[in-house]
Amino acid sequence: LLKNGETRKVSLLGSTVLIESNNQRNLLLCLNDISERKQMEEKLVESSTRLVLATRAGGVGIWDYDIVNNILDWDDQMFSLYGISKSQFGGAYEAWLAGVHPDSKAQGEAEIQMALNGEKEFDTEFKVLWPDGSVHDIRALAIVVRSNTGNPLRMIGTNWDITQQKKTEAEIKQRNEELRELNATKDKFFSIIAHDLKSPFNAIMGFSELLIEQIKEKDYTGIEKYAEIILQSSERAVELLMNLMDWSRSQTGRMEFIPEYFELVGFINETVSLLNEIAGQKGITIKKELPHNLPVFADQAMINTVLRNLISNAIKFTRPGGIITITATEKPDLLMVSVSDTGVGIPKAMIDKLFRIDENYTTTGTNNE
């Protein structure tokens with residue numbers, strides 16, 4: 001306590017000294033002011049406490065690797081991140097590597113080696129495998145402490161769990177992909193409407209105008225044929241709309257699957273009878289190589305949509321006078337139905353595009369349909 005009332009902290013070192021002249025022992029005291037050092041120590045303790053609280057709140061583990069002696073020191077949070085207790089940890093580099101997921105071992109070792117060689121900073125992500133079999137994602141940062149000659153002495157770093165972050169990123173990516181597909185579906189939907197409905201409606205409007213003109217002029221030549229074309233075009237437009245509605249429901253997961261037992265040969269015959277007129281206009285023959293009876297268990301609406309589309313496309317892309325063949329082959333536990341034709345086919349380079357919603361490939365039919 002100084003005269004001015006200020007308090008200082010000191011260190012006191014004392015020793016007895018023998019004075020031979022009078023044979024007396026005296027006490028020699030050395031007083032050293034350590035106030036500033038104590039202040040620094042208190043601030044350091046305070047900072048360390050804050051750091052511990054911050055890392056604990058953030059789930060951050062701190063580690064210190066003595067490279068020279070191969071000693072790895074972990075704080076308590078590190079054991080939580082790796083799902084083990086202190087007694088299960090050997091305190092060496094190999095003990096850390098044992099907890100890394102097999103798929104990440106090579107990457108983890110390579111990243112550490114590059115950091116030690118000074119090739120890059122240690123900033124990486126890897127997976128760890130807990131003893132209970134669960135897999136967790138870890139983000140790691142570290143600095144390398146080197147000697148005056150540049151040799152690595154220690155690595156000091158942090159780990160924290162990013163498993164939930166990875167899951168969230170994966171979910172966002174999936175949602176973006178779903179949105180992209182939905183957007184592509186919408187674009188394709190409008191493209192199909194614009195492309196495929198234009199032809200039948202042009203025919204309906206064109207022949208309706210022609211029909212009206214001839215009726216006004218009381219010229220009834222060919223009006224029955226015009227009416228038939230209008231009817232066929234209307235049926236085609238309705239068929240396309242049914243296809244589009246079915247396809248739209250299937251894309252949005254709203255098509256209900258209702259399987260039942262029914263006889264497939266008669267079902268195929270009914271579908272073909274609806275399309276024979278269109279095939280006949282191009283002089284195309286539809287052949288059926290089917291057994292007498294084929295009982296199946298399936299969804300009639302879905303099978304009808306598939307058959308109608310395959311046969312309609314076969315008619316569209318088969319040249320006049322061509323042949324479409326429908327066959328059915330029985331196999332164990334299933335039936336394979338094939339619609340083949342003598343038409344133009346599809347270039348191999350374009351086949352992969354058929355099953356991508358974001359790709360579009362179309363050509364006109366052999367009669368410019």
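Which strands form an open sheet with mixed pairing, and in what order? Three strands do, in the order β9-β11-β12.

## Basis of the model

The model is predicted: local features need pLDDT of at least 70, side-chain atom pairs count only at pLDDT 80 or more, and totals for chains, interfaces and linings use all residues. Residues are numbered from 1 along each chain as its sequence is written, and side-chain values use heavy atoms, with hydrogens and water left out.

Helices (H or I, at least four residues) and strands (E, at least two) are DSSP runs, numbered from the N terminus. Two strands pair if DSSP finds at least two bridges between them.

## The three-stranded sheet

In the sheet β9-β11-β12, the edges are β9 (285-289) and β12 (334-341), each of which pairs on one side only. The twist from one strand to the next averages 15 degrees. Eight bridges join β11 and β12 in the antiparallel sense, and Ile326 stands opposite Val339 of β12.

α8 lies across β9, β11 and β12 and runs at about 170 degrees to β9. α9 also packs on the sheet, touching β9, β11 and β12, and its direction makes about 20 degrees with that of β12. For these angles, axes are lines fitted to C-alpha atoms, for helices over the stretch in contact, and values run from 0 to 180 degrees between N-to-C directions.

Thr318 lies in the loop between α9 and β11 (323-331). Is Thr318 buried or exposed? Thr318 counts as buried because its relative accessibility is 0%; buried means under 20% relative accessible area, exposed over 50%, and partly exposed in between (1.4 Å probe, protein chains only). Leaving aside neighbours within four places in sequence, the contacts of Thr318 include Lys282, Ile284, Ile323, Asp341 and Thr366.

## The five-stranded sheet

A second open sheet has five strands in the order β4-β3-β7-β6-β5, with antiparallel pairing. Its edge strands, β4 and β5, each pair on one side only. Neighbouring strands are turned by 25 degrees against each other on average, direction ignored.

β5 and β6 (residues 135-146) pair in the antiparallel sense over eight bridges. Within this pairing, Asp137 in β6 is the bridge partner of Lys127. Helix α4 (residues 102-116) lies across β5, β6 and β7, at about 155 degrees to β5.

## The cavity

At least two lining residues come from each of β3 (60-66), β4 (71-74), α3 (93-99), β5 (122-129) and β7 (152-161). On a 1 Å grid over the protein atoms alone, a cavity is a set of points where a 1.4 Å probe fits but cannot get out, and a pocket is an open set with protein on both sides within 12 Å along at least five of seven lines; lining residues have an atom within 4 Å of a point. Grid points are joined across faces, edges and corners, and a volume is the space filled by probe spheres set on the points.

## The second largest pocket

The second largest pocket holds about 1000 Å³ of space. It is lined by 31 residues, of which Gln232, Ser233, Arg236, Ile278 and Glu369 are the closest to its centre. By class, the lining has 10 nonpolar, 11 polar and 10 charged residues; Ala, Val, Leu, Ile, Met, Phe, Trp, Tyr, Cys and Pro count as nonpolar, Asp, Glu, Lys and Arg as charged, and the others, Gly among them, as polar.

α7 gives the largest share of this lining, nine residues. Helices that each supply at least two residues are α5 (163-196), α6 (198-216), α7 (223-251), α8 (264-281) and α9 (300-316).

## Residues with positive phi

Most residues other than glycine have a negative phi. Asn70, in the loop between β3 and β4, has a positive phi of about 55 degrees although it is not a glycine. Asn70 counts as partly exposed, at 27% relative accessibility.

Lys218 lies in the loop between α6 and α7, and its phi is also positive, near 55 degrees. At 62% relative accessibility, Lys218 counts as exposed.

How values were computed: Contact means heavy atoms within 4.5 Å.
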